[in-house]
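Dear colleague,

I am passing on the structure below, together with notes on what was found in it. Please read the notes with the coordinates open beside you.

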Amino acid sequence: MDTHIADDKLKELHVEDLTVRANDRKAEAFEIDPVAEKKLLRKLDYRVVPVLWFLYLLSFLDRTNIGNASIQGMTADLDMEEGNSYNIALFIFFVPYILFELPSNLLLKKMAPSTWLSGIMFCWGIVTIGQGLVKSKEGLIACRFLLGLFESGFFPGCTYLISMYYRRYELQWRYNIFFTGAILAGSFSGLMAYGIAHMDGAAGYAGWRWIFIIEGALTAVFAILGKFFIVDWPETAKFLTDDEKRLLIARLSADVADSKMNTLDLRARKRIFTDWKMYLGVLMYFGIVNTGYATSFFTPTILTGMGYSPIEAQVHSIPIFIVAAFVCVCVAWLTDFFRHRYAFCMIGICVSTCGFVMLLNQSRIPVGAQYAAIFLIVCGGYTCQPITITWINNNMGGHYKRAVSSAMMIGFGNAGGIVASNIFLTQEAPGYKTGYGTSLGLLWLCGICCTVYLFGVMRENRKRERGEREYRLEEPDAGNQGDDDHRFRYTY
């Protein structure tokens, strides 16, 4: 993005750097007017998150609608009922998705988000349509690979973009609103699949094909519109006035004590890639994201195993994700209000644990209780998952470090999706002992990592309060240390 910015008033303002250059110090001394600040926040809330929320809903819809298509005849038509072809089609998505998230975030830095995000979205919309036209399971697997390639940059890119507009304790609520797009995609997927299933035979296409074709076409159309509605970086955002840009820079700079990382030199790379927090964040996300993907991919299948017909399973999946979205938003507000993350992560993990334990003992409980267990799993998982992302993001200072850590956490953490794709074995239906047991174990991997992370950042904050990190002022890269800056304080 920097290559398009001239060295004049405002255009050298970098939200990522959270400061301005020495030849323009106005933003640093900018007096924050509470009335103007409230007006600015309201304006941001109308423009930044809603568009990304809707587009992310379409993203997750295209990623997980294979679960709805599978129970509408896809596996039979493509000869995928025997062997592990369906599981391969699920996990192949994550190979490019994991590998290309970091390069995508680095590319995003160099161009307008509205161009990059809408462009990759249009591409995966076309690929989704292609899934409805394939004639073989090999063709479906190839489409899933391309889908993972094009979707890889969207979620971390949106996370990164949203974080450039809000203070740390304003971010969770907004981010969870955005994240509900993924949750509600489960409801929309079930609702749309229920309606589209009645198109079976239209124009000679089976109902499952229409699921891909219609949803892919919607994505492609809204991707074109997204170019005109997705916000760009704050310093080039056309919807902000010059005074609003100055105010935005000033309030964000005050939030993180000038923890800049403007230059990606050797020392900066070392600080980024030797940071224990980033790798612990990957494990946290790896543990919890498995639950999210397991429920997104297999909820319709699990419901049919309880005795529901395919159409009934689509309908019964709708309220599960609606309730989870409501819980997700309420918890997000509480985490920002109390300025605390850890306890809410653990509450979500405990709630999901109850659900998994119930399903591991499903032969002893009635179908109604099994159905309630899915509510617990989804609500708990989607309570914890977005908090882990925001928590890590809150504690990464500087433009480059935030870009790399977001992509690393979401990218490599999404290996949990590969696990989720391969642990619900057809021969174990409807008990799915491997699926539920593995998911429960990974859930507590996340819990353990969250606990270690909590004590780690608390210990580091105490060291900084005692002045044990002030020696960094004398180091050659002082001013480019990101959250290693001795003035930075970690959240927990």
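K401 forms a salt bridge with D483, with the closest N and O atoms 3.0 Å apart, a salt bridge being a side-chain nitrogen of Lys or Arg within 4 Å of a carboxyl oxygen of Asp or Glu. The pair links distant parts of the chain, since K401 sits in helix α17 (residues 399–413) and D483 in the segment after α19 (433–465), 82 residues apart; helices here are DSSP runs of H or I with at least four residues, strands are runs of E with at least two, and both are numbered from the N terminus. K401 is buried at 1% relative accessible area, and D483 is buried at 0%, where buried means under 20%, exposed over 50% and partly exposed in between (1.4 Å probe, protein chains only).

Please keep in mind that this is a predicted model, in which local features need pLDDT of at least 70 and side-chain atom pairs count only at pLDDT 80 or more, while totals for chains, interfaces and linings use all residues. Residues are numbered from 1 along each chain as its sequence is written, and side-chain values use heavy atoms, with hydrogens and water left out.

The structure holds 20 salt bridges. One of them pairs D45 with R174, the closest N and O atoms being 2.9 Å apart; D45 belongs to helix α1 (residues 34–47) and R174 to helix α9 (residues 168–196), so this pair ties together parts that are 129 residues apart in sequence. D45 is partly exposed, at 23% relative accessible area, whereas R174 counts as buried at 13%.

Another joins E170 to R251, with 2.5 Å between the closest N and O atoms; E170 lies in helix α9 and R251 in helix α11 (residues 242–256), so the bridge ties together parts 81 residues apart in sequence. E170 is buried at 13% relative accessible area, and R251 is buried at 1%.

Helices α6 (113–131) and α10 (207–229) each supply at least two of the patch residues, and α10 gives the most, with five.

Overall, the chain has 19 helices and zero strands, and 59% of its 492 residues count as buried.

Best regards
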